[in-house]
Every structure is written in C-alpha cells, then in structure tokens.
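Subject: Structure for your files

Hello,

Please find the structure below, followed by my notes on it. Terms are given with their cut-offs where they come up.

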Amino acid sequence: MRPTRAAQVAFALLMIGLGVQGLVIAKFTTAWAPVPVGVPGRALLVYLVAAVSLACGLGLLWQPAAVRAARGLLIAFVIWFLVWRVRALFIASLVEGTWSAGATLVMIAASWTLFAALATGSDREKFGFVTGARGTRIAQVLYGIAMIPFGYAHFAFLRHTADLVPAWLPWHLGWAYVTGGAFIAAAIGILFNFQARLAVTLSAAMMGVFGLFVWVPVVLKPTVTAGDWGEFASTVALTVAAFAVAASPSTAKSSLTA
C-alpha cells in the first residue's frame, strides 16, 4: 500500500472511530474537544460533529467519495478552529488555548493534505490555490505552527513532562528538554522549508513513541483515569494526523510559490 493511501486509510479509521465514540458516549471526542459548557445547542453539536466524523471517515475509505470527504473534514475543522480555538486564545490560559489551537491545526493540516492530494481536475480548477503542491505546503505550514505550542507546553510544565518519562529511562528532566526542543526544531524546519518532510515525519514518530512508551503503560494500569484515556486518545489522533501530513507525495518539494 502506498504511503499516501495508507495515511488516507489510517485517518479514515481514526475519524470513523471518533464518530462512533461520539455518538455512543454523547461527548465531544479528542478531535473536537474542548467546547465551553453552556454553549447553546451544545448537545446537538456533539452529535453533529460525531456524524461528520463518521460520514467523512467512511467517505475516505470509498475512493469515489474520498475527495469530497477530505474537503468536508477540512471545512469542518477550519470552521471549528475559527469559532472555538481563536476564541480560546483570548480567554483560556496560554498553554490551554495554544495547545487546543495546535491540536486542531494538526487535524486541519491532515485534512488539507489529503484534499490537496486527492483533488480531481475539476477540484483543481475550482480550488487551485488549496490543492496540489501549493495546498500541501499550506497544510505543512499550519502543521509547523502547531508544533510551537506543543514544544512550549513541554517547557511550561517541565516537571510534569519529566514525570511522564518511563522509569527505566535515565535523565528524566533532560528528556523533557529534548522533546520540547524537538517540537520547536521541527516547527523551524517546517516553517522555513528546510528538510520539512523529515521534520514532519520525525515529529509524527516522536508522538507515536509518546503513545507507545508513555500512555500505553498508563492506560493499562488498574488506576487509569478518564483524563489518562483522553491523553492517550489525543496522542493517537495527533500521530495519525501527523502521519497523513508526512505521507503526502509532494511534501518534499512543495512550496507556496509552486
């Protein structure tokens, strides 16, 4: 299976899983949370975004509908970012507001990358500025911006980050510095288009390693909490989305002037 197709399938399965989860538990899943309590129609929004996740995830698995599904997810995540994440930047704490904005930017980047790669001839005529290499590069830049709050959060909560490092690894505080710095380095490489594809790939791999060595052991403990499950689900979602950005065939040579 080609990397782009594998990423498309992985992202589709992620969205299907989040859609089913949202419909079953009647709560916003990791791709859409948080949404302020007390928002009018909040309960309806839960089911709406769950249905969008499920429908678009299924659409990504059916090639004739894949480009429409990717476009639908892109539109949904962009609207979600503008309505909720921009607002949070002004009213939430710096870490909370920027982290949630970064997480949504990663989902936008994944959806945009898939849409840019799947766009048909008519799509390129109608939406030429967001398809092909140009669209891929825009998605890449958004992903790079998202890495900044991820790195910042590691430094802002340095002790907490160090505590999450597996006990069998030495130098816990050092790993907290290294991983936070790695996110910032990835952002710089991506934004300046220097080994950008490698930066995306390595950042995706790092998030995958977090999930495997940090959160899998945590969720296997008898004392696992709902918050732990949320962190695990968020890491899985971000890793899959990052893989979708990294797998684009045009990522390595794309540019905003292409």
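Alanine 31 counts as buried, at 5% relative accessibility (buried is under 20% relative accessible area, exposed over 50% and partly exposed in between, with a 1.4 Å probe and protein chains only). Alanine 31 sits in the loop between H1 and H2.

Before the rest, the conventions. This is a predicted model, in which local features need pLDDT of at least 70 and side-chain atom pairs count only at pLDDT 80 or more, while totals for chains, interfaces and linings use all residues. Residues are numbered from 1 along each chain as its sequence is written, and side-chain values use heavy atoms, with hydrogens and water left out. Helices (H or I, at least four residues) and strands (E, at least two) are DSSP runs numbered from the N terminus.

Backbone

The loop between helix H1 (3-25) and helix H2 (42-61) also holds proline 34. The peptide bond leading from alanine 33 to proline 34 is cis, with omega near 0°. Two residues other than glycine have a positive phi: tryptophan 171, near 60°, and glutamine 195, near 50°. Why mention these? Most residues other than glycine have a negative phi, and most peptide bonds are trans.

Tryptophan 171 is in the loop between helix H7 (158-164) and H8, and is exposed, with a relative accessible area of 62%. Glutamine 195 is in the loop between H8 and H9.

Helix packing

Axes here are lines fitted to C-alpha atoms, for helices over the stretch in contact, and angles run from 0 to 180 degrees between N-to-C directions. Angles under 35 degrees count as roughly parallel, over 145 as roughly antiparallel, 65 to 115 as roughly perpendicular and the rest as oblique. A crossing is left-handed if the near helix is turned anticlockwise from the far one by less than a right angle, and right-handed if clockwise.

- H8 and H9: the axes cross at roughly 155° and come within 8 Å, so the two helices are roughly antiparallel. H8 passes H9 in a left-handed crossing.
- H9 and helix H10 (residues 226-246): the axes come within 9 Å, crossing at roughly 160°, and the pair is therefore roughly antiparallel. The crossing is left-handed.
- H6 and helix H9 (residues 196-219): the axes are 11 Å apart, at an angle of about 45°, so this pair is oblique. H6 passes H9 in a left-handed crossing.

Surface patch

Ile145, Ile148, Ile188, Leu191, Phe192 and Phe194 make a nonpolar surface patch of about 610 Å². Patches are made of residues with over 30% relative accessible area and no salt bridge, like charges being joined within 9 Å and nonpolar side chains (Val, Leu, Ile, Met, Phe, Trp, Tyr) within 5 Å. A salt bridge is a side-chain nitrogen of Lys or Arg within 4 Å of a carboxyl oxygen of Asp or Glu. Areas come from the Shrake-Rupley method with a 1.4 Å probe, and for residues only the protein chains shown count as cover.

Helix H6 (132-156) and helix H8 (172-191) each supply at least two of the patch residues. Isoleucine 145 lies in H6 and is partly exposed, with a relative accessible area of 37%.

After H10

Serine 248 lies in the segment after H10 and is buried, at 2% relative accessible area. Its C-alpha atom is separated by 39 Å from that of threonine 223, 25 residues apart along the chain.

Regards
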